[in-house]
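Please look at the sequence and the 3D structure below. A short report follows.

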Amino acid sequence: MSAGVYVHVPFCLTRCGYCDFNAYEALEHLRGRYVAALMLEAELAAPAWSREEFASVFFGGGTPTTLEGEDLAALLRSLRALFSISSDAEVTIEANPDTVDALKLAGLLDAGYARLSMGAQSFDSAVLGALERVHNPDSVRRAMHAARDAGFANVNLDLIYGADGETVDSWERTLLETIELAPEHVSAYALTIEPSTPLGRKVQQGLVPGPDSDLQADMFELACVSLAEAGYRHYEVSNWAKPGFECVHNLGYWERRLYLGIGAGAHSYRDERRWWNVRPPQEYLSVVEAGRLPIGGEEVLDRSAAHLEEIFLRLRILEGLPTSMVDPEVSTPFIESGLLRHDDDALVPTERGMLVLNELVLALAN
Amino acid sequence: MTEPNRIRNFCIIAHIDHGKSTLADRLLELTHAVADRDMREQYLDKMDLERERGITIKAQAVRLAYRADGEDYELNLIDTPGHVDFTYEVSRSLAACEGAVLLVDASQGIEAQTLANYHLARDAGLRIVPVLNKIDLPQADAEETARELAEVVGCAREDILAVSAKTGEGVTALLEEVIRRVPPPAAPRDDPLRALIFDSSFDAYRGVVAYLRVKDGVLPSRAKVRFMATGLDLEAEECGVFAPEATPVPALEAGEVGYLITGLKDVHQVKVGDTVTLAGKHRARDPLPGYREPRPMVWSGLFPAEGGDYTELRDALDRLKLNDASLVFEPETSHALGFGFRCGFLGLLHMDIVKERLEREFDLELIATSPNVEFHVIRADATVVVHNPTEMPQPGTYDRVEEPIVLATIITPSEYLGPVLDLCQSRRGELADMKYLSPERAEVHYQLPLAEIIFDFFDQLKSRTRGYASLDYEPLGYVPADLVRVDVLLHGEPVDAFSAVVPRDRAQQYGRQMVERLRELIPRQLFDVAIQASIGARIVARETVKAKRKDVLAKCYGGDITRKRKLLEEQKKGKARMRRVGRVDVPQEAFIAALRIDQKVESKK
């Protein structure tokens with residue numbers, strides 16, 4: 001079974017109010033040490049993964065493109081030297097529209113980063129404001145054109161819907177603009193309020209209304225229709241792709257393939273064991289620089305946890321769950337009510353089913 | 001042994017907060033019944049609940065020694081509960097006395113409960129000693145209250161004593177007046193033994209302790225005694241008096257008040273109102289008059305909030321029952337609430353006390369269904385007694401339904417008379433009579449269905465009179481009534497816990513109210529949930545909880561899988577705590593909130 005490697009870059013120009021990822025602003029001075037630590041950690045981890053074949057590499061963050069192009073190229077070279085990464089492996093890098101230009105993009109492509117994933121979020125500046133994003137819609141268009149000019153043939157745009165003030169009309173314009181730019185892949189996420197974020201605190205204090213789930217449901221349905229019409233296949237709850245452009249790396253998570261995470265706070269998974277690195281970059285650096293793996297914690301999945309993960313991850317994607325895993329008495333009512341459907345030997349959620357997936361998961365996992 | 005003419009048996013009748021416990025404390029001090037270091041406030045109220053709420057739940061009897069005019073007297077103060085729920089218990093306590101101190105707060109005036117208990121005392125032939133309390137308070141209107149009291153009791157103004165239980169002023173004089181005015185007990189000591197049980201308690205080591213007043217004859221320790229109502233023959237293991245702690249004596253003689261321990265473990269065999277006599281050939285021919293089986297007036301289903309606590313609830317009820325002979329219960333199964341008990345109570349206060357004791361003393365979390373009265377369903381061939389709305393047969397299968405009615409006494413400031421009459425009228429009341437106690441205060445008698453009283457009548461009365469009105473009632477029997485059963489259905493499935501028997505002309509309103517309340521409380525499900533109220537097959541109200549459309553974790557990638565799984569596990573636990581009605585998941589809190597009728601129960605002495 002092929003594996004994936006994830007590299008975490010925890011630096012951002014600014015923190016967005018809704019984001020609860022392990023990302024920090026004003027830590028740029030650590031970049032040099034961090035790149036070195038990533039290489040060191042990869043070296044420390046490599047022996048245990050020597051027998052695995054890697055089908056994907058994913059640089060996420062934070063904002064990986066805050067690192068210098070040369071450093072990114074060197075990192076990828078070092079990974080290829082340490083691990084058995086197949087020549088046609090999918091190599092993705094996340095980018096912020098404001099941190100890329102034609103030159104940098106050409107360099108990345110040249111270094112082997114063939115898939116570019118950009119956080120567009122919205123084409124409505126009011127919505128971008130509500131999300132506390134620093135870029136404006138124009139920079140997304142500019143970055144997209146630059147990527148094409150540089151030769152990128154596999155680009156994803158991330159969208160977020162349901163921010164305070166966003167209407168169905170505004171969301172429709174965002175979808176149309178996105179389709180206009182013709183990325184190969186679109187990720188569209190319903191805004192989720194995380195309590196530990198600045199936005200989460202504002203919602204708790206009643207300063208900003210939380211998302212209206214019915215409105216988000218309308219927006220989801222609109223995305224399903226618009227993107228399908230434009231030729232995108234809805235292959236995961238929040239992901240659409242032109243045929244053949246589904247994200248290999250992310251599919252690995254939902255198909256429960258193994259992955260190795262490198263960098264501050266990165267998670268790894270193998271043999272029903274999940275472990276994670278220490279989160280604060282400084283702590284990460286000091287442990288790795290001392291020559292140790294920076295493992296911060298782990299869990300071993302018991303049968304019921306593994307079963308629940310199997311169900312809730314597999315139901316996110318079109319491959320679905322093997323029919324044999326579910327008692328027909330449990331699944332039949334959902335099939336009759338149009339939330340699940342049979343696809344050969346698999347149970348697959350319909351688009352309506354995807355919207356209430358938690359309910360399906362809890363019913364089927366019993 | 002004290003000569004009967006040196007004995008005085010008396011009680012104190014007072015409204016809540018009119019100072020009964022404080023006066024009792026002064027009497028204990030004055031007669032040196034309690035060592036100074038053991039004295040505490042509200043000495044006779046032993047239960048935490050009594051002390052917190054300032055009410056008396058269990059009767060107590062305490063013997064006081066007092067020397068007056070060169071003679072030693074034995075005074076037995078019987079501290080009785082005063083609340084309408086315990087009217088029968090009060091009547092038995094009164095039957096153990098020859099006199100009653102009628103204590104009225106000079107700043108408040110006479111209240112309905114005091115009046116009702118005064119009537120009970122007078123009817124029992126007790127000598128009344130009217131007393132104004134709190135004369136030290138600046139706002140006391142002693143003159144006006146004294147006039148009102150004289151009018152009610154039919155005595156001269158000069159016969160009314162004035163005290164401050166707080167400062168002790170006038171309390172010695174009161175004690176001497178009790179000795180002077182209250183007659184000594186008639187005490188035929190040569191007659192066969194007859195002793196009246198006026199309360200009992202349960203002691204974990206000794207078993208049941210019966211509180212009694214010897215009316216005729218002598219009760220020696222170690223004698224074989226018979227409980228006449230239950231027909232039990234037992235040995236009197238110990239007789240004694242409360243001085244104020246239990247103190248054994250060789251015998252209790254006619255005219256005396258004390259206790260009897262027989263080793264019996266079941267409080268239900270020692271019934272309030274029963275007569276104790278000697279076993280064998282010296283037994284009395286007839287019991288003392290006035291015995292009655294305890295009769296629950298109010299019923300409610302009690303269910304553990306956590307289904308698994310059923311056994312704990314059963315054990316707790318068994319334990320409470322040891323000390324509370326009037327509590328009855330039987331297992332009940334509810335589709336919505338699971339296994340529990342249908343419990344019968346003497347009234348709302350009793351219900352409240354039992355619930356609170358279960359929760360406090362046994363650490364249980366309970367759901368109680370709305371209280372209801374006992375209905376009689378009259379059929380051609382039989383009468384069916386209904387304690388639970390879900391047992392009410394469908395219309396057309398019986399001749400008629402009868403419900404209990406009461407005669408309510410309300411005392412209110414005259415300025416609120418209009419709103420009080422409106423309230424009674426709107427609760428199916430019939431005016432019996434009305435009079436002015438003074439130009440400022442009126443006494444109103446209404447015939448009212450008990451069901452109306454146990455709904456929110458008391459709250460309404462208080463809010464319409466700014467808290468000044470007081471209420472008492474006595475049962476008047478059963479009368480036919482136009483009542484229907486309203487059921488509440490979730491997605492077509494009746495929720496038994498929400499069924500109610502209500503007057504036909506208010507059925508729709510009740511249905512609408514429940515349906516609207518539930519619409520707010522029931523979480524959205526995967527399908528539209530119809531909430532309906534029905535009378536028989538007819539739907540009288542309907543609301544819909546729209547299907548939930550979105551419940552999905554937007555993102556789920558490598559680092560987040562553990563956290564997202566834990567969120568799902570939490571959601572799963574939440575679901576497991578819900579109750580399933582048909583296909584609908586209903587959280588526990590929804591039941592509790594929908595059943596809460598937010599009524600407070602007046603606690604009175």
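## Helix pair and domains

In this predicted model, the axes of helix H9 (residues 417-426) of chain B and helix H10 (residues 450-464) of chain B come within 9 Å and cross at roughly 160°. Axes are lines fitted to C-alpha atoms, for helices over the stretch in contact, and angles run from 0 to 180 degrees between N-to-C directions. Helices are DSSP runs (H or I, at least four residues), numbered from the N terminus. The angle therefore makes H9(B) roughly antiparallel to H10(B) (over 145 degrees).

H9(B) contributes B:Pro419, B:Val420 and B:Leu423 to the contact, and H10(B) contributes B:Gln460, B:Leu461 and B:Arg464. Two residues are in contact if their C-beta atoms, placed from the backbone, lie within 7 Å. By class, the contact of H9(B) with H10(B) has four nonpolar residues, one polar and one charged. Ala, Val, Leu, Ile, Met, Phe, Trp, Tyr, Cys and Pro count as nonpolar, Asp, Glu, Lys and Arg as charged, and the others, Gly among them, as polar.

| Domain of chain B | Residues |
|---|---|
| domain 1 | 4-181 |
| domain 2 | 194-282 |
| domain 3 | 298-369 |
| domain 4 | 376-481 |
| domain 5 | 484-595 |

The C-alpha centres of domain 4 and domain 5 of chain B are 33 Å apart. Six residues of domain 4 of chain B and eight residues of domain 5 of chain B form their contact.

Between the chains, 36 residues of chain A are in contact with 20 residues of chain B.

Residues are numbered from 1 along each chain as its sequence is written, and chains are lettered from A and ligands numbered from 1 in the order in which they are written. In this predicted model, local features need pLDDT of at least 70 and side-chain atom pairs count only at pLDDT 80 or more, while totals for chains, interfaces and linings use all residues.

Notes. Domains from an automatic or database assignment. Helix = DSSP H or I, 4+ residues; strand = E, 2+ residues; numbered from the N terminus. Parallel < 35°, antiparallel > 145°, perpendicular 65-115°, else oblique.
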